[in-house]
Amino acid sequence: MNDKFILNDGVEIPSIGLGTWQSSKEDAYSSTLAAIECGYRHIDTAYVYENEDAVGKAVKECGVNRKEIFITTKLPSHIKSYDGAREYLAKSLEALALDYVDLYLIHAPWPWSDVGKDCTSGNIEAWKAMADMKSEGLIRSIGVSNFNAEQIDSLITSTGIVPSANQIRFFIGNTQEHITGYCEKKNILIEAYSPLATGKILDNGKISDIAAKCGVTVAQLCIKYCLQRGALPLPKSVTPERIKANLEMNFEIPEEDMRTLNGISGLFPKPYRS
Ligand SMILES: NC(=O)c1ccc[n+]([C@@H]2O[C@H](COP(=O)([O-])OP(=O)(O)OC[C@H]3O[C@@H](n4cnc5c(N)ncnc54)[C@H](OP(=O)(O)O)[C@@H]3O)[C@@H](O)[C@H]2O)c1
């Protein structure tokens, strides 16, 4: 299994990232440090998580060169303009105390407070700003999150620029086959958020049986499943032993078990809240 994916713009991205949604500043700081210490080189945050400053502080203090660490952050979902995208990247860079981010995503196609709203033109404006900021060296790669095929198509049609990644809710039993297939065709990396269904998947009987058969924990099986499906998992933990275990992927899920796992459907339908 590769320890990196290569994005469609040639940028390398470490194949497992630490999630930080719902981590307090203290937890984001300590979990980022613990993660980097045990070998993670990829951290996922967002302006709205209100912990970019803590992640940035840990990156600064960890003793690993900034260039070796891949940092993703996200444009808040209600910012749908060219100037707004520029303003909010500047805010994120200031909070992180960095002069560039590795991946910048539009957090959602619509404001979380107005799910389903048509923001096509605002997304295109934000996308143009992100492309410009990439050219200026403030961002290495640009992408989206929670976008469907039609929403991605509208960005490509208006700008000719294909997102490098689409970060979506993806875990065993909830793999969003339509958007996953679309992204595969367009060479857009799927980043699997909530790979453990925000912790809810861990007591599933069928999945536990397969994990036991493979000699790993359910969390490890769920993370490996994403990798074997070609998606980049972003497990969140604030617990050092779990952070470490979530990176230990030195096993393969046999094909017949992958078939069984692929056959599970309808687990924890999306709540649309982030
Ligand atoms: N783009 C978006 O809209 C969006 C939305 C949601 C999430 N995300 C990203 O994806 C990341 C992950 O998703 P998520 O936060 O929903 O959660 P998740 O990674 O699916 O699950 C996290 C939960 O599982 C627990 N856990 C982690 N490793 C474990 C292990 N080895 N054994 C037992 N329990 C374990 C954690 O507990 P402890 O922390 O207490 O250890 C936490 O309660 C987020 O943090 C965020 O970076 C993005």
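The model on display is predicted.

**First stop: the ligand and its shell**

Please select the ligand and display the residues around it. The shell consists of 29 residues, and the closest are D44, S194, T198, S237 and T239. The space that the ligand takes is the largest pocket.

Which part of R242 has an N or O atom 2.8 Å from an oxygen atom of the ligand? That atom belongs to the side chain of R242. At K236, by contrast, the atom to select is a backbone N or O, which lies 2.8 Å from an oxygen atom of the ligand. At T20, a polar backbone atom is 3.1 Å from a ligand oxygen. Now show the surface of the protein together with the ligand: of the 910 Å² of accessible area that the ligand has on its own, the protein covers 88%.

Next, select A97, in the loop between α3 (82-96) and β6 (101-106). Its backbone deserves attention, since most residues other than glycine have a negative phi. A97 is not a glycine, yet it has a positive phi of about 60°. Is A97 buried, partly exposed or exposed? Its relative accessibility is 42%, so A97 counts as partly exposed; buried would require a value under 20%, and exposed one over 50%.

Move on to A197, which is found in the loop between β9 (189-193) and α7 (205-214). A197 likewise has a positive phi, of about 50°, although it is not a glycine. Its surroundings can be judged by the cut-off of under 20% for a buried residue. A197 counts as buried because its relative accessibility is 0%.

**Last stop: A28 and C62**

Finally, select A28, which lies in helix α1, residues 25-38. With a relative accessibility of 0%, A28 counts as buried. How far apart are the C-alpha atoms of A28 and C62? They are separated by 13 Å, while the two residues are 34 residues apart along the chain.

Key. Residues numbered from 1 in each chain as written. Predicted model: local features only at pLDDT ≥ 70, side-chain atom pairs only at ≥ 80, totals over all residues. Heavy atoms only, no water. Near = heavy atom within 4 Å. Polar contact = N/O pair within 3.5 Å; in protein donor to acceptor, adjacent residues only side chain to side chain. Areas by Shrake-Rupley, 256 points an atom, 1.4 Å probe, with all protein chains shown as cover. 1 Å grid on protein atoms, 1.4 Å probe; cavity = no way out; pocket = protein on both sides within 12 Å on 5 of 7 lines; lining within 4 Å. Sits in = over half its atoms within 2 Å of the grid points. Helix = DSSP H or I, 4+ residues; strand = E, 2+ residues; numbered from the N terminus. Buried < 20%, exposed > 50% of the residue type's maximum accessible area, 1.4 Å probe, protein only.
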